[in-house]
Amino acid sequence: MSPREIEVSEPREVGITELVLRDAHQSLMATRMAMEDMVGACADIDAAGYWSVECWGGATYDSCIRFLNEDPWERLRTFRKLMPNSRLQMLLRGQNLLGYRHYNDEVVDRFVDKSAENGMDVFRVFDAMNDPRNMAHAMAAVKKAGKHAQGTICYTISPVHTVEGYVKLAGQLLDMGADSIALKDMAALLKPQPAYDIIKAIKDTYGQKTQINLHCHSTTGVTEVSLMKAIEAGVDVVDTAISSMSLGPGHNPTESVAEMLEGTGYTTSLDYDRLHKIRDHFKAIRPKYKKFESKTLVDTSIFKSQIPGGMLSNMESQLRAQGAEDKMDEVMAEVPRVRKAAGFPPLVTPSSQIVGTQAVFNVMMGEYKRMTGEFADIMLGYYGASPADRDPKVVKLAEEQSGKKPITQRPADLLPPEWEEQSKEAAALKGFNGTDEDVLTYALFPQVAPVFFEHRAEGPHSVALTDAQLKAEAEGDEKSLAVAGPVTYNVNVGGTVREVTVQQA
């Protein structure tokens with residue numbers, strides 16, 4: 001065959017989900033980015049050629065009302081208006097929605113319905129225990145709303161987690177009607193070979209047309225290679241963050257992943273000129289949030305501890321509050337033992353915080369001398385089924401300390417109707433606007449919502465450094481820095497640390 005007769009196949013296009021408007025700033029700067037610092041990039045993001053744009057869910061809802069005095073529903077509506085050509089995507093914690101407990105099915109239905117009505121397209125639905133029963137109702141609600149239901153597998157490593165187990169879970173999610181499967185690597189544990197093996201096995205088992213999306217953090221420094229191996233195995237979409245908001249405990253850079261594919265038989269449809277504009281926008285914005293920046297660059301110790309960054313900082317603060325920072329190594333060693341006793345749950349919100357806090361209690365007070373209510377609930381099945389059998393001795397202690405009995409059914413089946421009562425309570429609050437969206441805000445965050453409603457009319461309160469503060473800092477003028485704009489203090493109120501911003505005269 002002559003060179004002219006050789007067939008040249010077209011490169012396979014790999015979709016890209018851009019994370020800069022949600023998980024990138026959640027991971028790098030504690031979810032503190034204000035909407036005013038995102039709107040300027042939206043036109044370029046909308047035209048850059050992404051498969052989807054993740055912009056809502058996760059911790060952003062909480063952060064909006066707790067720190068920024070922003071209405072999260074208004075944020076979503078603004079994104080919908082500014083990015084009319086994009087699939088908007090959110091992260092949804094299954095039966096937990098965006099809060100930290102399970103909610104009644106009616107609340108789940110109403111939340112999904114309102115999210116879709118306000119502009120959401122793709123719902124990435126996951127559960128901290130990887131219990132498909134905790135995802136089923138949210139997935140059904142997404143399908144009923146006519147939106148894209150993405151069934152999600154939280155990736156972790158343990159003696160009971162296998163390729164076969166992940167393939168089985170993918171099948172359960174597809175049986176629920178999942179439009180796509182997401183493999184979510186929240187702690188950057190996914191090495192290249194497992195990435196290839198899991199993606200290929202799911203494709204081989206359920207068909208090459210099964211859409212698989214892959215989400216990896218970059219904390220361990222290995223996962224850009226994992227993305228490449230996943231692409232070779234047939235993954236359809238990978239998550240990235242624009243380079244000026246990437247790496248560390250964040251994600252792999254969008255431009256790097258796109259460039260990596262050149263000459264490989266794979267490509268993206270991204271517009272590089274638009275990417276450079278997005279990059280430059282956030283490069284200018286990022287210094288304003290440096291007081292919230294994570295100090296982690298690369299940390300391979302996570303492969304052993306499996307402790308995500310947010311969990312680590314939470315344990316450090318707990319020990320510091322008790323004057324026991326010297327116990328950190330003991331706590332780090334205790335975490336894997338607590339996780340084993342709980343049946344090897346993935347360490348992701350809220351299971352990571354629950355396991356971490358119990359490890360602190362064990363070190364400070366003795367092994368399971370005192371259990372948190374949440375850890376007792378994990379041991380007794382109130383968060384769902386665990387990947388492996390729980391330690392029966394610890395289960396018995398959980399029964400004794402909590403006064404509860406173990407359950408095996410779907411936890412939400414035990415929840416009574418709550419929407420009507422939540423509506424009445426929300427309606428009595430100062431600043432309540434009469435919408436279902438406000439009722440949902442109250443239902444998810446009943447301690448925070450009343451303060452937000454009361455002060456919402458004041459408008460957003462950015463916690464970023466002002467241009468004047470940045471200039472003063474650059475010039476080394478401490479006096480100017482002190483009076484250049486709002487100053488944020490951490491105030492301890494009854495054992496709870498609250499962030500208070502004071503506007504200088």
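Predicted model: local features only at pLDDT ≥ 70, side-chain atom pairs only at ≥ 80, totals over all residues.
Colleague: Let's start with H11. How many residues does helix H11 have?
Modeller: Helix H11 covers residues 272–285. From its first C-alpha to its last it reaches 20 Å, close to the 20 Å expected at 1.5 Å a residue. The number of residues in H11 is 14.

Colleague: Within what arc do the buried residues of H11 fall, seen down the axis?
Modeller: The buried residues to look for are Leu 275, Ile 278, His 281, Phe 282 and Ile 285. Seen down the axis of H11, the buried residues line one face of the helix, because they fall within an arc of 125 degrees.

Colleague: And which exposed residues does the face of H11 turned away from its buried side carry?
Modeller: Exposed here means over 50% relative accessible area. On the face of H11 turned away from the buried side, the exposed residues are Asp 273, Lys 283 and Ala 284.

Colleague: Now for H4. Which residue caps the N-terminal end of H4?
Modeller: Look for a side-chain oxygen that lies 2.9 Å from the backbone nitrogen of Trp 73. That oxygen belongs to the capping residue, Asp 71.

Colleague: Within what arc do the buried residues of H4 fall?
Modeller: In helix H4, residues 72–82, the buried ones are Pro 72, Trp 73, Arg 75, Leu 76 and Phe 79. Seen down the axis, they line one face of H4, because they fall within an arc of 160 degrees.

Colleague: What about H17: which exposed residues sit on the face turned away from its buried side?
Modeller: Begin with the buried residues of H17, which are Val 394, Val 395 and Ala 398. They cover an arc of only 105 degrees around the axis, so they are on the same side of H17. The face turned away from that buried side carries the exposed residues Pro 392, Lys 393, Lys 396 and Glu 400.

Colleague: Last one: which residues lie nearest the centre of the second largest pocket?
Modeller: This pocket has about 320 Å³ of space. The residues of its lining divide into seven nonpolar, six polar and two charged. Of the 15 residues that line the second largest pocket, those nearest its centre are Asn 130, Gly 165, Leu 169, Gln 172 and Pro 387.

Notes. Residues numbered from 1 in each chain as written. Heavy atoms only, no water. 1 Å grid on protein atoms, 1.4 Å probe; cavity = no way out; pocket = protein on both sides within 12 Å on 5 of 7 lines; lining within 4 Å. Points joined across faces, edges and corners; volume = space filled by probe spheres on them. Nonpolar A, V, L, I, M, F, W, Y, C, P; charged D, E, K, R; others polar. Buried < 20%, exposed > 50% of the residue type's maximum accessible area, 1.4 Å probe, protein only. Helix = DSSP H or I, 4+ residues; strand = E, 2+ residues; numbered from the N terminus. Arc of directions from axis to C-beta. Polar contact = N/O pair within 3.5 Å; in protein donor to acceptor, adjacent residues only side chain to side chain. Expected span 1.5 Å × (residues − 1).
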